[in-house]
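Subject: Structure handover

Hello,

Here is the structure I promised to pass on. Please open it first, then read my notes below.

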Amino acid sequence: MINFQMDEEQRMLTDAIGRFARERVRRVHRDAEEEKLIPHEVIGGGWELGLLTSSLPEAYGGFGDYAAVTQVLALEELGWGDLSIALAILTPNLVAIPLMLAGSEAQKEAYLPLFAEMAPPQVTAALVEPRLQFDPRHLETTAERQGNEYVLNGAKAMVPLAGDATLFLVYAQEGEGVQAFLVPRETPGLTVREGEQLMGLRALPTARLELTDCRVPASARLGEDAGSDFDLLLNHSRIAQAALAVGMARGAFEYARDYAKTRQQFGEPIAHRQSIAFMLAEMAIDVDAARLLAWEAAWLMDQGQDALQATAVMKHYVDDMVLRVCDQALQVLGGYGYIREYPVELWLRNARGFVNFDGLAMA
């Protein structure tokens with residue numbers, strides 16, 4: 001059975017990340033959104049918490065064992081702080097965790113020690129494509145084997161921190177399945193373009209990639225000859241997104257609850273109004289239900305069990321939940337919720353994108 005009791009290391013980690021989110025992320029998240037710039041010291045401070053290095057095996061410079069449940073607990077706290085800043089801090093995970101889960105021994109030895117350094121490596125991953133009805137399991141970016149090389153062609157969108165990245169993990173269709181390829185920035189045929197102006201995540205720099213007859217050695221395929229299980233990687237991405245969504249929704253609920261307790265109308269707090277009280281109760285139920293679904297999916301993966309159905313159910317519920325809760329938070333604030341001085345409009349804009357965020361986080 002799932003154990004709801006955190007061990008000592010999990011509690012220490014979540015407490016540290018919770019303090020970081022309260023004391024550093026929340027202080028700058030609105031300015032970062034307005035200025036479209038995350039302070040470097042905040043990203044550095046997030047990296048120093050050791051969320052990734054504590055999951056790296058000792059053989060590659062880390063000091064812990066990877067556990068999806070621990071990642072989910074930690075990511076909820078980061079999501080509570082701010083989604084854009086959380087995704088920026090977590091961008092190295094997009095390469096490190098697939099390497100841990102599916103990389104060949106040679107790939108692990110070559111790349112994983114980079115993630116044990118004092119500063120985060122400049123790496124990112126590219127999954128999303130700029131087209132309607134994007135399906136991560138059926139990509140238009142292609143990988144064709146030619147001798148000892150793969151030729152990549154296609155386009156990618158919403159690639160986080162791509163402007164400074166020196167290494168990309170690019171997902172492409174190879175035959176009937178999806179595989180991932182380690183592509184250095186200097187590879188001929190790889191071009192980084194200016195990204196879209198997004199409705200949310202305005203503090204997170206994103207870009208487009210274009211791949212035109214981009215040739216990489218066969219050894220660049222994640223897992224080399226064995227390849228990788230894309231469903232496994234996608235499941236890990238989706239539980240990360242769910243944890244971030246739960247954190248953000250929890251933050252929206254707590255803000256609306258506290259506002260309703262202090263906002264006076266007709267001589268009493270609006271929280272005394274039945275319509276507001278019932279809405280807050282529904283929000284709390286939604287957040288708890290989503291959290292349990294994320295925990296279940298993560299626990300199944302840690303046990304080595306098939307989590308495909310659990311993850312699909314979780315994603316369907318969480319994508320609706322985070323939008324619903326953030327919208328209800330705005331309703332509790334009434335007209336103030338629509339004013340940029342208050343954070344709920346930011347949370348609502350970010351919540352709207354979760355249905356499209358496949359590949360932007362990994363846990």
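α1 passes α2 in a left-handed crossing. A crossing is left-handed if the near helix is turned anticlockwise from the far one by less than a right angle, and right-handed if clockwise. Helices here are DSSP runs (H or I, at least four residues), numbered from the N terminus.

Some background before going on. This is a predicted model, with residues numbered from 1 along each chain as its sequence is written. Local features need pLDDT of at least 70, side-chain atom pairs count only at pLDDT 80 or more, totals for chains, interfaces and linings use all residues, and side-chain values use heavy atoms, with hydrogens and water left out.

Back to the pair. α1 and α2 pack at about 160°, and their axes are 10 Å apart. So α1 is roughly antiparallel to α2 (angles over 145 degrees count as that). The axes are lines fitted to C-alpha atoms over the stretch in contact, and angles run from 0 to 180 degrees between N-to-C directions. From α1 come F20, R24, V25 and V28; they meet E41, V42, G45 and G46 of α2. Contact means heavy atoms within 4.5 Å. By type, the residues of this contact are 4 nonpolar, 2 polar and 2 charged. Ala, Val, Leu, Ile, Met, Phe, Trp, Tyr, Cys and Pro count as nonpolar, Asp, Glu, Lys and Arg as charged, and the others, Gly among them, as polar.

Next pair: α7 (residues 230-262) and α8 (residues 274-302). Their angle is about 160°, with axes 9 Å apart. That makes α7 roughly antiparallel to α8. The crossing of α7 past α8 is left-handed. The contact includes I239, V246 and F253 of α7, and L280, V287 and M301 of α8. Its residues split into 18 nonpolar, 2 polar and 3 charged.

Now the inside. The largest nonpolar core has 77 residues. Such a core is a set of buried Ala, Val, Leu, Ile, Met, Phe, Trp, Tyr and Cys residues joined through side-chain atoms within 4.5 Å. Buried means under 20% relative accessible area. L78, I239 and L244 are among the members that touch the most others. α7 gives the largest share, 14 residues. Beyond its neighbours within four places in sequence, L244 contacts residues including L75, L78 and F354.

One last residue. T70 sits in α3. T70 is buried, at 19% relative accessible area. Leaving out residues up to four places away in sequence, T70 touches Q10 and L13.

Best wishes

How values were computed: Helix = DSSP H or I, 4+ residues; strand = E, 2+ residues; numbered from the N terminus. Parallel < 35°, antiparallel > 145°, perpendicular 65-115°, else oblique. Buried < 20%, exposed > 50% of the residue type's maximum accessible area, 1.4 Å probe, protein only.
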